[in-house]
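Work through these exercises with the model open beside you. Try each task before reading its solution.

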Amino acid sequence: MVKNYKYSSKYNSFEIETGKMAKQAGGSVTIKAGDSMVLVTVVGTDTPREGVDFFPLSCEFQEKMYAVGRIPGGYVKREGKPSDESTLKARMMDRPLRPLFPEGYKNDVQIIATVLSADENHDVGILSMVGSSVALGISSIPFNGPTGSVSVGYVDGEYIINPTQAQREISDLDLTVAGTKDAIMMVEAGANELTEDEMLEAILFGHEEIKRICDFIQTIIDEIGKEKQVFEFKDVDKELKNEIESEFYDKIKSALQGIDKQTRQEELDAVKEEIIETYVTEDFEDVELRNKEVIAIFDKLEKEIVRKLISVDKIRPDGRQMHEIRPLSAEVALVPKVHGSGLFTRGQTQVLNIATLGSPSDVQYIDGLTDEEVKKRYIHHYNFPPFSVGEVGRMRGPGRREIGHGRLAERALEPVIPSQEEFPYVIRLVSEVLESNGSSSMASVCGSTLSLMDAGVPIKAPVAGIAMGLIKENDDIAILTDIQGLEDHLGDMDFKVAGTKEGITALQMDIKIDGINREILTTALADAKSARLRILDVITTTIAEPRKELSPNAPRIYTIQIKPEKVREVIGSGGKTINKIIDETGVKIDITDEGLVTVSSQNGEGGKRAIEMIESIVEEPEVGDIYLGKVIKIMNFGCFVSFGHNKEGLIHISKLDKKRVQKVEDVVKEGDELMVKILEIDDKGRINLSRVFE
């Protein structure tokens, strides 16, 4: 049966329809706002996947070009590999949902959001997040939702829920918040140096709308929701766990308290092996099953010990205080041929960032759900090779993690990147993670600041980032500064904050428990600011400001503004004129329809020469100007002379010499070069010249 539900509040409205499309899916809804429409389906298996130690949840976001009335580019003319934007939206769907499935649930679950129609004012990503919560809620899949999601803008001191495209363009904030009625589960933000208080209020403002959305979704679930699967969490054998804990607790605890990550892991592996040798023998009917059970107990004990040490005893695995940052170091100008380089190290996390400057023709074109291709002149890429964690692994293209971390670092630096008018270069940053033990994305932000300043990019302010963590055991709470890998893996929160001395530029938060409250958010933001300022001191001690001169390896870019009607003259018939300039000077030239000419050259002389040639083409002669010209035609009454670029004028016979001239050929002949002066330009643009005498 087809059902329709309408949500409307002071800030937001959308429609949900069920029972019409994709009826064989476990849960299916279409969600519509304005002209944006998304089909969200969820399907789960009846039995758990064997042999996995993780929850196999798959969230997919499918961009369809027909949604904006376009045909995909390229030869194939069909959608292929998901774009980076699709990947990021799929991650946004996943992050608030994953913690709300029951502990130990191992059934495969797949959520697919298919964009059927898209307009610029209604974010299909937000609709997909809300739709996935509804589809899960009405399905038989166990889920401790519902969740709601909104975007928040900040324009002229006012917070806006789900801002329009025009509002987004002038907003100082691009924030996405997701959560349940009781708590915030996920935050993702880019901001124009907002204060901690402004960011906190934006998050809480968004959560108020989320509460209303959750109430609305619950009414749908109560009316048409299917009976949930019966799921019983099979915990480890308590008797065996108590026995292993009694004998090996102190050894596990001791192994966990090592400063060096690899040494700590080696000692933990040794204890695990000893436990397996003690409790897994050939006497058991199913040795493999017994081995898995013992390993599961070890993992559970490891988690419990780490969490108790931090939350109750206030002891971190590497011995640091709760607010202590690992040792920091920063270097620049390490790599000789590149345009800028920076190496940032925090404990056992190390990132090398390389900055490359290109011409406007190097801009990235993005073919997405917009009416036109998007041009991107600032690009950030993040690479995480297996050697960074001491492992052997397949080398492949960027995955969701790499794309997500790269975009987070990109958002952190975007507010300080100079405009194209200030700095006409395309900027590409590449973060190579060389070592990783927690928060390599925030180390990428710091390394990027170093390489940008080393390259001479006039950024508005240095940016640094830090990752905060949380361990919550009953009433015992510990908020951690600069979390390492173990604290992230076994903790309850990964809260990344980046910004300048003035304010926050990017923020990302993921929660593994049932959300957090205002008090925890306030403390985490304050601690993050304190840490960020300390890191900025290290960065600015290494390089205080952007270099005044670009690297000699970087191209030189010159710009000139010409009248739009002169563009055709610079290009010439079939590109003849512009290609001649390029051939003679070895430069790259980009021209906009508005008349902005950009010349890129590997050497300054070629660029300057090209600009001079363009100036001569577009130059408009004025009375009194003097040029070197060439006689191109002899007439009885004078001669025609070419000068400048494709300019012609007449020297009357009376102006050819100081004395009277009887015959033009007595004074000049075709091909002669002579200095000429403009005497007059009539209403029709005809130019009268006079010969200039020494």
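**Exercise 1. A proline and its surroundings**

Task: Find the residues that P555 touches, not counting residues up to four places away in sequence.

Solution. Start with the contacts. P555 touches H339, L357, Y425, L550, S601 and Q602, with neighbours up to four places away in sequence left out. Contact means heavy atoms within 4.5 Å.

P555 sits in the loop between α11 (518-542) and β22 (556-561). Helices (H or I, at least four residues) and strands (E, at least two) are DSSP runs, numbered from the N terminus.

Then check the surface. P555 is buried, because its relative accessible area is 8%. Buried means under 20% relative accessible area, exposed over 50%, and partly exposed in between, with a 1.4 Å probe and protein chains only.

P555 and S128 are 427 residues apart in sequence, and 43 Å separate them in space, C-alpha to C-alpha.

A note on the source: this is a predicted model, in which local features need pLDDT of at least 70, side-chain atom pairs count only at pLDDT 80 or more, and totals for chains, interfaces and linings use all residues. Residues are numbered from 1 along each chain as its sequence is written, and side-chain values use heavy atoms, with hydrogens and water left out.

**Exercise 2. The domains**

Task: List the domains of the chain, then find how many Å separate the centres of domain 2 and domain 5.

Solution. Read off the bounds, which come from an automatic or database domain assignment.

- Domain 1 covers 3-149 + 197-224.
- Domain 2 covers 238-312.
- Domain 3 covers 328-542.
- Domain 4 covers 556-618.
- Domain 5 covers 625-691.

Now the distance. Taken over C-alpha atoms, the centres of domain 2 and domain 5 are 98 Å apart.

Turn to the record. An unreviewed UniProt entry annotates residues 624-692 as "domain: S1 motif". UniProt positions are given in the numbering used here, feature names are shortened, and annotations may be inferred rather than shown by experiment. Over residues 624-692 the chain is 0% helix and 52% strand. The end C-alpha atoms of that stretch are 11 Å apart.

**Exercise 3. Two annotated aspartates**

Task: Which residues does UniProt list for "binding site", and are D488 and D494 buried or partly exposed?

Solution. The unreviewed UniProt entry lists D488 and D494.

Take D488. It lies in helix α10 (residues 485-490). D488 counts as partly exposed because its relative accessible area is 25%. Leaving aside neighbours within four places in sequence, D488 contacts I483, D494 and K512.

Take D494. It lies in strand β20 (residues 493-499). D494 counts as buried because its relative accessible area is 11%. Beyond four places in sequence, its contacts are A467, M468, I483, D488, Q508, M509 and D510.

Look at the side chains last. Those of D494 and K496 are joined by a polar contact of 2.5 Å. A polar contact is a pair of N or O atoms within 3.5 Å; within protein, one must be able to donate a hydrogen and the other to accept it, and residues adjacent in sequence count only if both atoms are side-chain atoms.

**Exercise 4. A threonine in a helix**

Task: Is T87 buried or exposed?

Solution. T87 is buried, because its relative accessible area is 8%. Its contacts, not counting residues up to four places away in sequence, are P82, R400 and I403.

**Exercise 5. Backbone angles**

Task: Find the peptide bond that is cis from G145, then inspect phi of N162 and E193.

Solution. Recall the background: most residues other than glycine have a negative phi, and most peptide bonds are trans.

The bond from G145 to P146 is cis, with omega near 5°. P146 is in the loop between α2 (124-138) and β7 (148-155).

N162 has a positive phi, near 45°. N162 is in the loop between β8 (158-161) and α3 (165-170). N162 is partly exposed, with a relative accessible area of 22%.

E193 has a positive phi of about 55° although it is not a glycine. E193 lies in strand β10 (residues 184-194). E193 is partly exposed, with a relative accessible area of 28%.
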